[in-house]
Amino acid sequence: MKIDLPRDFDAQTAKFSEILAKFNRVHSLTNYKNLNEQIADSIAPLEIFPQIAGAETAIDVGSGAGFPAIFLAMILRECEWHLFEPSPKKSAFLSYVKAELNLTNVRVKSCKIEDGEAFAAQLITSRALMKTKDLLEICDGFFDAQTQILLYKGSSVQSELEGLKAQIYGRGNRNYVLIKGGDVI
């Protein structure tokens with residue numbers, strides 16, 4: 001499935017890149033050299049797992065410099081995104097990006113997810129934050145049987161998924177994993 005990008009997506013990603021470059025000089029948020037690759041990686045699951053596009057509420061765990069959540073939020077504008085990032089400099093960056101890009105569907109939570117007030121989201125994303133079972137444990141209370149859990153993983157993903165039903169799509173060094181909350185509960 002081809003992703004329909006909003007008309008202003010390129011302008012927004014260019015502005016994001018400028019903001020990140022400015023913040024990176026002072027705060028060293030990320031060492032990514034090619035942001036276009038990171039942006040493409042962030043949005044690729046929309047074409048692989050088109051069912052995630054219907055989510056109305058989403059959580060991104062360990063949002064860091066905004067990959068993948070900021071770019072998914074640019075496209076899935078009807079979805080309310082909750083970005084959990086405990087690092088003060090990273091959550092300040094995310095709040096600044098939210099304001100500068102007028103991402104009214106983004107809520108930045110300056111805490112670990114396990115310290116947040118639980119609610120069941122329809123989509124949970126996380127990009128290479130921790131082992132899958134540990135992530136599912138800290139997200140307890142934030143998903144139900146209908147939740148889709150989208151993970152951006154590296155090559156060792158198979159060993160992390162033992163005992164879990166999951167859809168896996170590999171592309172290069174990246175594995176995109178989709179787990180239904182009902183298969184975890």
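Strands are taken here as DSSP runs of E of at least two residues, numbered from the N terminus, and two of them pair if DSSP finds at least two bridges between them. In this predicted model, Leu150 has Leu178, in strand 7, as its bridge partner. The pairing of strand 5 with strand 7 is antiparallel and extends over six bridges.

These strands belong to an open sheet of seven strands with the order 3-2-1-4-5-7-6 and mixed pairing. Strand 3 and strand 6 (167-171) form the edges, each pairing on one side only. On average, neighbouring strands of the sheet are turned by 15 degrees against each other, direction ignored.

Helix 2 lies across strand 4, strand 5 and strand 7, and runs at about 150 degrees to strand 4. Its buried residues are Leu35, Gln38, Ile39, Asp41, Ser42 and Ile43. The buried residues of helix 2 pack against helix 1, helix 3 and helix 4, as well as against strand 4 (123-127), strand 5 and strand 7. The N-terminal end of helix 2 is capped by Asn34, with a side-chain oxygen 3.0 Å from the backbone nitrogen of Asn36.

Helix 5 also packs on the sheet, where it touches strand 2 and strand 3; the direction of helix 5 makes about 165 degrees with that of strand 3. Ser91 is located in helix 5. Ser91 counts as buried because its relative accessibility is 4%, below the 20% cut-off. Beyond residues up to four places away in sequence, Ser91 touches Glu85, Val108 and Ser110. Thr104 is situated in the loop between helix 5 and strand 3 (106-109). With a relative accessible area of 58%, Thr104 is exposed, since the cut-off for that class is over 50%. The C-alpha atom of Thr104 is separated by 9.4 Å from that of Ala73, 31 residues apart along the chain.

The largest nonpolar core comprises 41 residues, of which Phe16, Ile70, Trp81 and Phe93 touch the most other members. Elements giving two or more residues to this core include helix 1 (9-27), helix 2 (35-43), helix 4 (69-75), strand 2 (80-84) and helix 5 (88-100). Helix 4 provides the largest share, seven residues. Neighbours within four places in sequence aside, Trp81 is in contact with Ala58, Ala69, Leu72, Ala73, Leu76, Asn105, Val106, Arg107, Leu123 and Thr125. Another core, of 19 residues, lies apart from the largest one and has Leu135, Cys139, Phe142 and Ile179 among its members.

Definitions and conventions
Residues are numbered from 1 along each chain as its sequence is written. This is a predicted model: local features need pLDDT of at least 70, side-chain atom pairs count only at pLDDT 80 or more; totals for chains, interfaces and linings use all residues. Side-chain values use heavy atoms; hydrogens and water are left out. A nonpolar core is a set of buried Ala, Val, Leu, Ile, Met, Phe, Trp, Tyr and Cys residues joined through side-chain atoms within 4.5 Å. Buried means under 20% relative accessible area, exposed over 50%, partly exposed in between (1.4 Å probe, protein chains only). Helices (H or I, at least four residues) and strands (E, at least two) are DSSP runs, numbered from the N terminus. Contact means heavy atoms within 4.5 Å. A polar contact is a pair of N or O atoms within 3.5 Å; within protein, one must be able to donate a hydrogen and the other to accept it, and residues adjacent in sequence count only if both atoms are side-chain atoms. Axes are lines fitted to C-alpha atoms, for helices over the stretch in contact, and angles run from 0 to 180 degrees between N-to-C directions.
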